[in-house]
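Morning, everyone. I have one structure to walk through, and I will keep it brisk. Please look at the sequence and the model on the screen.

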Amino acid sequence: MDLHACYPTCITTAEGMFVVGDSLGSLHIYDVEIGIKQGKKYSRRCTLTDRELEDDPIRSVCILSKSEILVQSKDNVIRRLSIATGGIKPIKSYIGAQSENFPVRCTVSPDRKFVLSGSEEGYPVMWSLGG
């Protein structure tokens with residue numbers, strides 16, 4: 001793996017942490033509170049990789065909780081992932097939003113019941129967040 005070809009593609013923050021997705025399909029998780037106690041701005045918790053995301057640029061990350069995130073990648077799949085164990089455990093996949101050529105982003109509805117995304121096809125897509 002050529003680390004010089006790796007660059008951040010998205011950053012999101014919530015729940016006292018921030019997550020950086022990169023061009024090689026890795027997720028870098030940082031704790032903000034730990035860093036503040038140490039007199040720094042942040043502290044890296046871990047870098048997570050998954051075979052399904054390897055070499056697939058991350059388009060967007062949405063933090064659901066300290067232990068779950070949504071990850072949208074160039075392969076047109078939004079993944080709900082558990083990150084509680086220091087590794088990645090897939091929970092559910094959402095398919096239908098096209099994101100191959102442009103950085104389309106996903107989010108969660110205000111009532112936290114739905115996953116919402118734009119699509120290169122020019123219309124919004126919505127799924128039930130339920131596990």
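**Surface, sheet, cores and one arginine**

The protein exposes about 7,300 Å², and carbon and sulfur atoms supply 54% of that area. Accessible areas come from the Shrake-Rupley method with a 1.4 Å probe, and for residues only the protein chains shown count as cover.

Some ground rules. This is a predicted model, where local features need pLDDT of at least 70, side-chain atom pairs count only at pLDDT 80 or more, and totals for chains, interfaces and linings use all residues. Residues are numbered from 1 along each chain as its sequence is written, and side-chain values use heavy atoms, with hydrogens and water left out.

Now the elements. The protein has one helix and eleven strands. From the N terminus, the order is β-β-β-α-β-β-β-β-β-β-β-β. Helices (H or I, at least four residues) and strands (E, at least two) are DSSP runs, numbered from the N terminus.

Next, the open sheet. Three strands form it, in the order S9-S10-S11, with antiparallel pairing. Strand S9 (106–108) and strand S11 (125–128) stand at the edges with a single partner strand each, so one side of each has no neighbour in the sheet. The twist averages 25 degrees from one strand to the next. The angles run from 0 to 180 degrees between N-to-C directions, with axes as lines fitted to C-alpha atoms. Strand S10 (residues 114–117) pairs with S11 over four bridges. Pairing requires that DSSP finds at least two bridges between two strands. Ser 117 has Val 125 in S11 as its bridge partner.

On to the cores. What share of the 131 residues is buried? Buried residues make up 46%, where buried means under 20% relative accessible area with a 1.4 Å probe, protein chains only. A nonpolar core is a set of buried Ala, Val, Leu, Ile, Met, Phe, Trp, Tyr and Cys residues joined through side-chain atoms within 4.5 Å. The largest has 16 residues, and Leu 27 and Ile 69 touch the most other members. S5 gives the most to this core, with three residues. A second, separate core of twelve residues includes Tyr 94, Cys 106, Val 125 and Leu 129.

Last, Arg 80. Arg 80 is found in strand S7 (residues 77–82). Is Arg 80 buried or exposed? Arg 80 is buried, with a relative accessible area of 13%. A polar contact of 2.8 Å joins its side chain to that of Glu 68. A polar contact is a pair of N or O atoms within 3.5 Å; within protein, one must be able to donate a hydrogen and the other to accept it, and residues adjacent in sequence count only if both atoms are side-chain atoms.

Definitions and conventions:
Buried < 20%, exposed > 50% of the residue type's maximum accessible area, 1.4 Å probe, protein only.
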